Amino acid sequence: MITFDAVTKRYPDGTVAVDALSLEAPTGEITVFVGPSGCGKTTSLRMINRMIDATEGRILLDGVPVQGIDPPTLRRGIGYVIQQAGLFPHRKIVDNIATVPYLLGWDRKKARSRAMELLERVGLDPAMGERYPFQLSGGQQQRVGVARALAADPPVLLMDEPFSAVDPIVRTSLQDELIRLQAELNKTIVFVTHDIDEAIKLGDRVAVLRVGGRLAQLADPKTLLSEPADDFVREFLGRDRGIRRLRFVSTEGMRLRTDLTVTEGSDDPADEPWRLVVTADDRPLGWVSRDRPGTLEPYGTFRPGHDSMRSALDAALLSPSGCAVAVDGEGRVVGVATREALDEALTEAADG
Ligand SMILES: Nc1ncnc2c1ncn2[C@@H]1O[C@H](COP(=O)(O)OP(=O)(O)OP(=O)(O)O)[C@@H](O)[C@H]1O
């Protein structure tokens with residue numbers, strides 16, 4: 001666990017970047033620092049590994065003040081990932097990843113085999129180990145940055161806007177990858193971002209900072225969205241706060257109709273405005289309207305109990321039928337959520 005105990009950072013020119021910050025980043029969880037530009041996120045992060053020293057207060061790592069640990073020893077237990085990956089341009093990828101193991105005096109073979117293992121772990125082809133950073137895309141370089149930070153298996157990982165320099169699609173896949181990795185590795189992660197969506201997606205807890213380095217709110221994402229502490233947090237969360245909350249509304253137990261599907265090629269005597277055509281093994285093919293029986297219209301799917309209400313509504317909006325197709329883990333249709341069922345579930349969520 002990382003503890004900030006009334007930590008203040010005043011730069012020599014008098015700027016107070018962080019002001020009496022107290023919070024805990026629990027072991028094995030992702031704590032996100034989020035807030036507008038200049039609110040002291042990076043300064044707070046860098047005080048953990050002593051790239052910057054606090055002016056007042058203490059930061060404790062599992063109860064031990066970091067101020068008492070010499071920086072090289074401290075940093076051995078703390079991986080650090082930054083925005084542009086910060087790879088050494090003249091070293092091969094495998095040697096970039098093995099940087100810390102080499103520094104720790106591991107033998108070359110062991111360090112390189114650890115690096116190759118990590119390349120695969122972060123979703124890269126091991127053949128990339130022999131390339132140089134300029135031969136990789138921005139997203140691939142970021143993955144290498146994560147692999148390098150994990151090389152010596154540090155219990156703590158500090159990540160400073162690691163995914164903000166890549167395009168939105170790559171960014172989403174890097175975020176998904178981090179969630180997957182964290183489920184395996186259980187590191188104590190402090191993650192800095194200015195993007196509230198990223199904070200909500202990744203954080204077990206989210207610390208919203210305001211300019212001047214003061215903590216506005218520390219909460220799990222669901223609480224943050226439903227109970228913002230004040231106008232600053234509400235405004236920072238933005239106008240889509242209600243939509244974002246849907247990510248935390250479960251689709252477990254949603255009422256599904258099973259009488260709206262029809263197997264392809266079979267007769268469909270029922271008089272319904274929309275029918276979902278499925279294959280013999282229950283894969284969805286498309287919606288057919290009563291008015292245009294020969295045309296398959298688009299559909300969207302979600303997995304009840306697994307996907308959130310946000311996904312279910314998205315699936316409904318993707319189709320002119322206005323209904324969302326419920327599928328199991330194998331993509332087989334288990335039912336259909338009509339507008340009425342979606343509305344019921346939303347009303348229940350709003351009441352609860
Ligand atoms: N070396 C320094 N000397 C003086 N002031 C500094 C120094 N480094 C940062 N600051 C100031 O401290 C404040 C916090 O900076 P910091 O980089 O921690 O913010 P941030 O929240 O990470 O911002 P951003 O999202 O823009 O990266 C800012 O007002 C910044 O100008």
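Tutor: Residues are numbered from 1 along each chain as its sequence is written. Because the model is predicted, local features need pLDDT of at least 70 and side-chain atom pairs count only at pLDDT 80 or more, while totals for chains, interfaces and linings use all residues.

Student: What makes residues 56-61 strand S4?

Tutor: A strand is a DSSP run of E, at least two residues, and the numbering starts at the N terminus. Residues 56-61 form such a run, strand S4.

Student: How do you know that S4 and S5 pair?

Tutor: Two strands pair if DSSP finds at least two bridges between them. S4 and S5 have two bridges, so they meet that cut-off, and they run antiparallel. Leu61 stands opposite Val64 in S5.

Student: What makes S1 a partner of both S4 and S2?

Tutor: Five bridges link S1 (residues 2-10) to S4, and six join S1 to S2. Ile2 stands opposite Leu61 in S4, and Val7 opposite Leu21 in S2. In the hairpin of S1 and S2, Gly14 takes a positive phi near 100 degrees.

Student: Why are S2 and S5 called edge strands?

Tutor: The open sheet has the order S2-S1-S4-S5. S2 (16-25) and S5 (64-65) each pair on one side only.

Key:
Helices (H or I, at least four residues) and strands (E, at least two) are DSSP runs, numbered from the N terminus.
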